[in-house]
Amino acid sequence: MATVQIAKLTSEELSTYHEQGYVLLHDVFPKDELEAMDREMDRIQATQEDLGRNPGWVMQLGLRSEVTQQFARDERVLTLIEDIVKPGISIFSGKLTAKSPRSDEICHWHQDDAYYNAQAPSETRMSTWIPLQDTDEENGCMWVVPGSHKGGVVAHGPYGGQCPKCMGSADLMFDDAILCPVKMGDMLLFSACLWHHSKGNRTDRVRRAFIVSYQEATVPRGNGKQYTVLRPAN
Ligand SMILES: O=C(O)CCC(=O)C(=O)O
């Protein structure tokens with residue numbers, strides 16, 4: 001078992017997050033741990049039903065098993081986000097997203113708060129994006145628009161794709177959008193207001209990633225039973 005490193009964000013990482021709306025952190029999770037999570041996802045998919053709206057997705061991640069609950073409450077992650085999400089930290093929701101091999105499963109441009117605000121508004125809500133293999137343009141890594149979190153939530157509608165509400169159709173692209181490849185073991189932190197999107201998977205392997213979303217503990221609700229206060233607001 002690899003040693004658990006508890007670290008805080010550096011002041012540079014924190015200002016990148018606030019300026020750009022996201023920050024990429026390296027070497028947060030040992031590979032053997034992510035491989036074990038990958039097997040746990042296989043086990044859940046083989047034994048449980050009603051997992052999600054898209055092929056290979058697992059919604060309500062933290063409620064699926066002891067292992068997934070521990071993953072959503074990971075102290076390494078909570079300590080890394082504690083200067084962003086405050087006062088206190090609660091879970092809004094968690095899920096596994098996936099893109100089948102050789103598929104055109106696109107997640108259209110959207111902001112997570114276009115969904116999440118329907119439960120309750122939050123000042124500091126954000127998500128962790130943790131891939132279970134190296135991700136790049138070929139297998140459908142994330143795209144983001146740096147700084148787009150600063151303008152609040154814009155209009156979203158139904159345009160198809162993996163997400164029921166989004167900012168436009170599959171061919172929508174922004175001049176200032178950038179590709180955000182994330183390696184296995186690394187973690188992307190992004191604001192719930194950041195514009196983001198992912199394209200299809202042109203490889204022979206499934207692309208899997210966890211998205212666990214957190215908010216300050218003073219927000220009274222999250223997404224149904226997934227809502228859990230992990231660190232009270234004092
Ligand atoms: O993992 C992905 O491809 C992006 C999914 C996403 O942004 C979402 O479900 O909100």
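Where does Phe71 lie? I found Phe71 in helix α3, residues 66-72. Helices (H or I, at least four residues) and strands (E, at least two) are DSSP runs, numbered from the N terminus.

**Ground rules**

I noted that this is a predicted model, that local features need pLDDT of at least 70, that side-chain atom pairs count only at pLDDT 80 or more, and that totals for chains, interfaces and linings use all residues. Residues are numbered from 1 along each chain as its sequence is written, and side-chain values use heavy atoms, with hydrogens and water left out.

**Entry: Phe71**

I looked up the exposure of Phe71. Phe71 counts as buried, at 7% relative accessibility. Buried means under 20% relative accessible area, exposed means over 50%, and partly exposed is in between (1.4 Å probe, protein chains only). I then checked Phe71 against Ser11. They are 60 residues apart along the chain, and their C-alpha atoms are separated by 26 Å.

**Entry: around the ligand**

Which residues come nearest to the ligand? I listed Lys95, Thr97, His110, Ser198 and Arg207, out of 13 residues around the ligand. A residue is near a molecule or strand if one of its heavy atoms lies within 4 Å of it.

I sorted the shell by class. The shell has five nonpolar, four polar and four charged residues. Ala, Val, Leu, Ile, Met, Phe, Trp, Tyr, Cys and Pro count as nonpolar; Asp, Glu, Lys and Arg count as charged; the others, Gly among them, count as polar.

Next I looked at the strands. β2 (89-99), β3 (107-110), β8 (196-198) and β9 (207-215) each supply at least two residues of the shell around the ligand. β2 gives the most, with three residues.

**Entry: contacts of the ligand**

I looked for N or O atoms close to the ligand's oxygen atoms. In the side chain of Lys95, an N or O atom is 2.7 Å from an oxygen atom of the ligand. Thr97 has a polar side-chain atom 2.7 Å from a ligand oxygen. For Trp129, a polar side-chain atom lies 3.0 Å from an oxygen atom of the ligand. Taken alone, the ligand exposes 290 Å², and the protein buries 98% of that. Accessible areas come from the Shrake-Rupley method with a 1.4 Å probe; for residues, only the protein chains shown count as cover.

Where does the ligand sit? I found the ligand in the largest pocket. On a 1 Å grid over the protein atoms alone, a pocket is an open set of points with protein on both sides within 12 Å along at least five of seven lines. A molecule sits in a pocket if more than half of its atoms lie within 2 Å of its grid points.

Most residues other than glycine have a negative phi, and most peptide bonds are trans. I looked for exceptions.

The peptide bond from Lys86 to Pro87 is cis, with omega near 0°. Pro87 is in the loop between α4 (75-81) and β2.

Asp27 has a positive phi, near 55°. Asp27 is in the loop between β1 (22-25) and α2 (31-47). Asp27 is exposed, with a relative accessible area of 69%.

Arg102 also has a positive phi, near 50°. I placed Arg102 in the loop between β2 and β3. Arg102 is exposed, at a relative accessible area of 57%.

**Entry: buried residues and their partners**

Is Ser127 buried or exposed? Ser127 is buried, with a relative accessible area of 0%. Ser127 lies in strand β4, residues 126-131. The side chain of Ser127 makes a polar contact with the side chain of Ser213, at 2.7 Å. A polar contact is a pair of N or O atoms within 3.5 Å; within protein, one must be able to donate a hydrogen and the other to accept it, and residues adjacent in sequence count only if both atoms are side-chain atoms.

I checked Gln133 in the loop between β4 and β5 (142-144). Gln133 counts as buried, at 4% relative accessibility. The side chain of Gln133 reaches the backbone nitrogen of Arg208 at 2.7 Å.

His108 lies in strand β3. At 5% relative accessibility, His108 counts as buried. His108 and Pro164 are 56 residues apart along the chain, and 9.1 Å separates their C-alpha atoms.

**Entry: Asp136**

I ended with Asp136, in the loop between β4 and β5. Asp136 is partly exposed, with a relative accessible area of 35%. Asp136 and Pro121 are 15 residues apart in sequence and 32 Å apart in space, C-alpha to C-alpha.

Definitions and conventions: 1 Å grid on protein atoms, 1.4 Å probe; cavity = no way out; pocket = protein on both sides within 12 Å on 5 of 7 lines; lining within 4 Å.
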